[in-house]
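Could you read through them with the structure alongside?

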Amino acid sequence: MEEEVMLKKISMNFYSMSNETEVLKNVDLKLHKGEILAIVGPSGCGKSTILNIISGLLEPTKGEVVVKGKAGYMFQKDNLFEWRTIYQNITLGLEIKKIKDKKIYQRIDELLKKYGLWEFKNSYPNELSGGMRQRVALIRTLVLNPNILLLDESFSALDYQTRLLVNEDVYKIIKEENKSTIMVTHDISEAIAMADRIILLSKRPASIKKIYDINLSIEGKRTPLKARDSKEFKEYFQDLWKELNSNE
């Protein structure tokens with residue numbers, strides 16, 4: 001199975017004037033081509049640090065990082081500028097980099113039409129629902145056609161009902177665009193509903209405590225909502241909850 005990302009014995013320490021904090025310790029991680037990998041763990045254990053290392057924003061204290069291709073990073077907040085239209089928000093990065101490739105702009109039009117935002121391209125962010133704003137943020141991330149998506153608590157600011165709908169939208173887009181994805185979430189249900197595999201981290205300094213291959217009995221094409229209705233869903237949830245809250 002082809003691997004898009006490999007972390008080998010990654011450790012990460014942060015330093016201040018007064019002390020040293022060990023955040024990650026000997027983390028081995030693989031992202032297979034086309035899969036959605038979820039990372040869950042105790043609050044503050046270093047989940048987002050792993051994404052920052054993969055994206056190149058941080059260099060690990062120890063270990064090797066292998067990333068094949070480009071990674072697109074989608075943060076917790078959509079970071080849309082309220083004074084720019086939806087289209088202008090999506091093209092902002094291209095403007096900054098002075099990219100004028102017609103094919104990229106054609107791709108923006110295609111993505112807007114494909115995912116139901118074409119008629120809103122001249123609207124402003126405050127005219128859109130939270131779910132639509134997240135779709136815009138994802139399209140902006142997809143513009144330069146990364147083969148890897150990094151989602152850092154990207155749905156946590158949404159209310160529960162909107163979050164469920166956005167899970168459906170984002171899952172569909174990820175699968176249709178065939179993006180290998182790592183998502184960090186504190187929501188166990190969301191991880192089970194969306195991921196092919198889940199990595200459970202220990203408390204800090206975080207190492208990998210357990211890896212779950214998610215196999216669910218679903219009729220027809222999998223969606224996050226169908227996943228939540230599967231008979232195995234509760235079993236995965238209970239085991240993850242137990243492991244997450246154990247002191248080991």
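1. E64 comes out at 41% relative accessibility, so in this predicted model it counts as partly exposed, being between the 20% and 50% cut-offs. Its salt-bridge partner is K8, with the closest N and O atoms 4.0 Å apart. That pair joins distant parts of the chain: K8 belongs to strand β1 (residues 3-15) and E64 to strand β4 (residues 62-67), 56 residues apart. K8 is partly exposed as well, because its relative accessibility is 35%.

2. Next, have a look at D187 and R163. They form a salt bridge whose closest N and O atoms are 3.9 Å apart. D187 sits in the loop between β7 (180-184) and α6 (188-194), while R163 is part of helix α5 (residues 160-176), so the contact ties together parts 24 residues apart in sequence. Buried or exposed, these two, D187 and R163? Both D187 and R163 are buried.

3. Then there's R222 with D196, another salt bridge, at 3.9 Å between the closest N and O atoms. Here R222 is in the loop between β9 (208-213) and α7 (224-228), and D196 is in the loop between α6 and β8 (197-201), so parts 26 residues apart in sequence get tied together. R222 counts as buried because its relative accessibility is 19%, whereas D196, with a relative accessible area of 23%, is partly exposed.

4. How many salt bridges does the structure hold? The count is 19. Beyond the pairs above, check R107, K114, E176 and E177, which are linked in a salt-bridge network.

Terms used
Residues are numbered from 1 along each chain as its sequence is written. This is a predicted model: local features need pLDDT of at least 70, side-chain atom pairs count only at pLDDT 80 or more; totals for chains, interfaces and linings use all residues. Side-chain values use heavy atoms; hydrogens and water are left out. A salt bridge is a side-chain nitrogen of Lys or Arg within 4 Å of a carboxyl oxygen of Asp or Glu. Helices (H or I, at least four residues) and strands (E, at least two) are DSSP runs, numbered from the N terminus. Buried means under 20% relative accessible area, exposed over 50%, partly exposed in between (1.4 Å probe, protein chains only).
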